[in-house]
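Hi,

Here is the model I promised to pass on.

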Amino acid sequence: MDSVSRRKHILEILTQSGAAVTGTELSKQCEVSRQIIVGDVAILRAQGIGIISTPRGYQRVPAEKDGKKHVFVCCHGMDLMQQELEAIVDNGGIVHNVVVEHDVYGNLEGTLNLHSRREIYQYVKRMKEAHAELLSCISGGIHTHLVETNSDEDMKAIEQALDQLGVLYN
């Protein structure tokens with residue numbers, strides 16, 4: 001399969017999946033190395049195609065909805081990470097990202113795109129297996145999350161849950 005056909009196939013896989021697909025899985029389906037997939041995804045992105053890389057793999061950027069979006073500023077350590085994320089998804093939210101401010105690099109963003117407890121569990125498991133530190137360790141625990149909900153009511157419920165948990169930064 002030539003590179004143009006392969007990129008079209010990658011796009012079809014990601015579109016039809018609806019969920020994240022790992023680079024390893026894409027490389028198997030396209031019968032190329034994972035590094036070739038990384039390059040193909042970079043080219044597709046450069047062409048303006050919305051593909052994000054999440055802790056679970058690549059996925060198409062979902063179409064814009066009429067949902068409500070809010071940025072929450074939080075501060076905590078690893079001990080409250082899972083509870084914070086669960087408070088968001090349990091109240092109808094999607095955690096799009098985590099952002100920290102770095103003195104030299106400015107804002108550093110990690111794409112999360114977490115919709116459910118199952119996805120949070122997978123994320124936390126991967127963090128532990130990799131012995132990874134939170135991105136917020138470079139900012140004293142201070143970080144933001146872009147959260148999306150279907151209603152203002154859900155957003156208020158998330159804010160209250162985060163406040164009760166004690167992770168909102170005031």
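Let's start with a pair of side chains: Asp40 is buried, and Arg6 is buried as well (buried is under 20% relative accessible area, exposed over 50%, partly exposed in between, with a 1.4 Å probe and protein chains only). Before the rest, the ground rules: this is a predicted model, where local features need pLDDT of at least 70 and side-chain atom pairs count only at pLDDT 80 or more, while totals for chains, interfaces and linings use all residues. Residues are numbered from 1 along each chain as its sequence is written, and side-chain values use heavy atoms, with hydrogens and water left out.

Back to that pair. Asp40 makes a salt bridge with Arg6, with 2.4 Å between the closest N and O atoms (a salt bridge being a side-chain nitrogen of Lys or Arg within 4 Å of a carboxyl oxygen of Asp or Glu). Asp40 sits in helix H3 (residues 34-46) and Arg6 in helix H1 (residues 3-17), so the contact ties together parts 34 residues apart in sequence. Helices (H or I, at least four residues) and strands (E, at least two) are DSSP runs, numbered from the N terminus.

Asp40 also forms a salt bridge with Arg7, at 3.1 Å between the closest N and O atoms. This pair again links distant parts of the chain, H3 and H1, 33 residues apart, and Arg7 is buried too.

Another one of them joins Lys125 and Glu129, at 3.8 Å. These two are 4 residues apart in helix H5, which is about one helical turn. Lys125 is partly exposed at 42% relative accessible area, and Glu129 is exposed at 55%.

Now the largest pocket, with a volume of about 360 Å³. On a 1 Å grid over the protein atoms alone, a pocket is an open set of points where a 1.4 Å probe fits, with protein on both sides within 12 Å along at least five of seven lines; lining residues have an atom within 4 Å of a point. The volume is the space filled by probe spheres set on the points, which are joined across faces, edges and corners. Of the 22 lining residues, Pro55, Val98, Leu112, Tyr123 and Met127 are closest to the centre. S1 (51-54), H4 (78-90), S5 (106-114), H5 (117-129) and S6 (142-149) each supply at least two lining residues.

Cheers
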